[in-house]
Amino acid sequence: MLNQPCMNLVGSSPEITETKRLAREFAAVDTTVLITGESGTGKELFAQSIHNASSRRNGPFVAVNCAALPVNLLESELFGYVEGAFTGAKHKGKAGLFEMAHHGTIFLDEISEMEMYAQSRLLRVIQERQVMRLGDDKYIPVDVRIIVATNKPLAQQVSKGEFRQDLYYRLKVLTFRVPPLRDRSGDIRVLAKYFLDHYCSKHGRVRAFSKEALNLLEKYSWPGNVRELRYFIERMVIVTKQKEISGGQLMTYWDDQDLSSSQNASAPLKPVSDEKERIRQAIEQAEGNISKAARILGIDRSTIYRRMKTEQKK
């Protein structure tokens, strides 16, 4: 079961419940998994939980951020190298991360950032289940499960020639999308209380949210998803002095209060309690484009027109 103590898996909305169901199904089989979703939604947490619930749970879980490693280092880190493979190589060589993940799981995050030659080598590993260290002439068998994640549409990258089509189809065996926080109905309140309890315990504080504060948290779009919510709650636990965190205190310590109408439609709105003001903000931010304003608010365009018409009648 996906019952690991992972904060990002908290939530009972229909959207996250279905995602967790798929992850449980995928944990029961030993096949490659592709996880998609925006940054901050908890893709690595799902990968870790799939590993923990799988038959490989007693093996290593090795996580690699493909975007964090320079192109010239990624290949040597993944596949290892032998002595003298390049200038600066260790005297005795080095095992790669695939070897380190033997009998376990390797998680390749931001797979879309892997350069083409490394993609071709990864394809061979998936097909042959063996790796060759840089500078070597022999293959080393590896028994690993591969889980990859991306916040970019790989299909579009394939069409642009930026990602290998054959690798894409090899990775796209089992796939699911982690929903953004704005689409997880009701989970913002649950997560906010969960993080509040966690950080109060961690920092030795006693804090609670007012009803107004919780309402404001729910109305914000959280472009940074669960990660953004988590660290904002920690900030509030540390900087506030009163036991009850009010809506006014949230506004005081909110980073995005000065968002201007020149920002694009994907930018978050300032948290406000008045629905009329939220719609006005969204329309201003979208420079009068109702469709964009609707996307910002997460509602239908017809809903905005209906509410605008209601205001005109008053």
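Let's start at Arg56. Arg56 is buried, with a relative accessible area of 8%. Keep in mind that this is a predicted model. What does the Arg56 side chain meet in a salt bridge? Its partner is Asp143, at 2.7 Å from N to O. Arg56 sits in the loop between α2 (43-52) and β2, and Asp143 in the loop between β5 (140-141) and β6, so this pair ties together parts that are 87 residues apart in sequence. Asp143 itself is partly exposed, at 30% relative accessible area. Asp30 joins in as well: Asp30, Arg56 and Asp143 form a network of salt bridges.

Next, strand β6. Is β6 enclosed or open? Here, 7 of its 7 residues are buried, so β6 is largely enclosed by the rest of the structure. Look at the side chains. Val144, Ile146, Val148 and Thr150 point one way. Arg145, Ile147 and Ala149 point the other way. Now the neighbours. Strand β1 (residues 33-36) runs parallel to β6, joined by 4 bridges. There, Thr36 has Thr150 as its bridge partner. Strand β3 also pairs with β6 in the parallel sense, over 5 bridges. In β6, Val148 stands opposite Leu108.

Leu108 takes us to the core. The largest nonpolar core has 30 residues, and Leu108 is among those with the most contacts inside it, along with Leu78, Phe98, Ile106 and Ile111. Elements giving two or more residues include β2 (61-65), α3 (71-79), β3 (104-109) and β6 (144-150). Which element gives the largest share of this core? That is α5, with 5 residues. Take Leu78. Leaving out residues up to four places away in sequence, Leu78 touches Val64, Gly96, Leu97, Phe98, Ile106, Leu108 and Met114. Apart from this core lies another, of 25 residues, with Leu196, Phe209, Leu217 and Tyr220 among them.

Back to charges. The whole structure has 11 salt bridges. One of them links Glu234 and Lys202, at 3.7 Å from N to O. Glu234 is in helix α10 (residues 225-239) and Lys202 in helix α8 (residues 187-203), so the pair ties together parts 32 residues apart in sequence. Glu234 is buried, at 14% relative accessible area. Lys202 is exposed, at 54%.

One last pair. Arg164 forms a salt bridge with Asp166, with the closest N and O atoms 2.7 Å apart. Arg164 is partly exposed, at 26% relative accessibility. Asp166 is partly exposed too, at 35%.

Key
Residues numbered from 1 in each chain as written. Predicted model: local features only at pLDDT ≥ 70, side-chain atom pairs only at ≥ 80, totals over all residues. Heavy atoms only, no water. Core = buried A, V, L, I, M, F, W, Y, C linked by side-chain atoms within 4.5 Å. Buried < 20%, exposed > 50% of the residue type's maximum accessible area, 1.4 Å probe, protein only. Contact = heavy atoms within 4.5 Å. Pairing = 2+ DSSP bridges. Salt bridge = Lys/Arg side-chain N within 4 Å of Asp/Glu carboxyl O.
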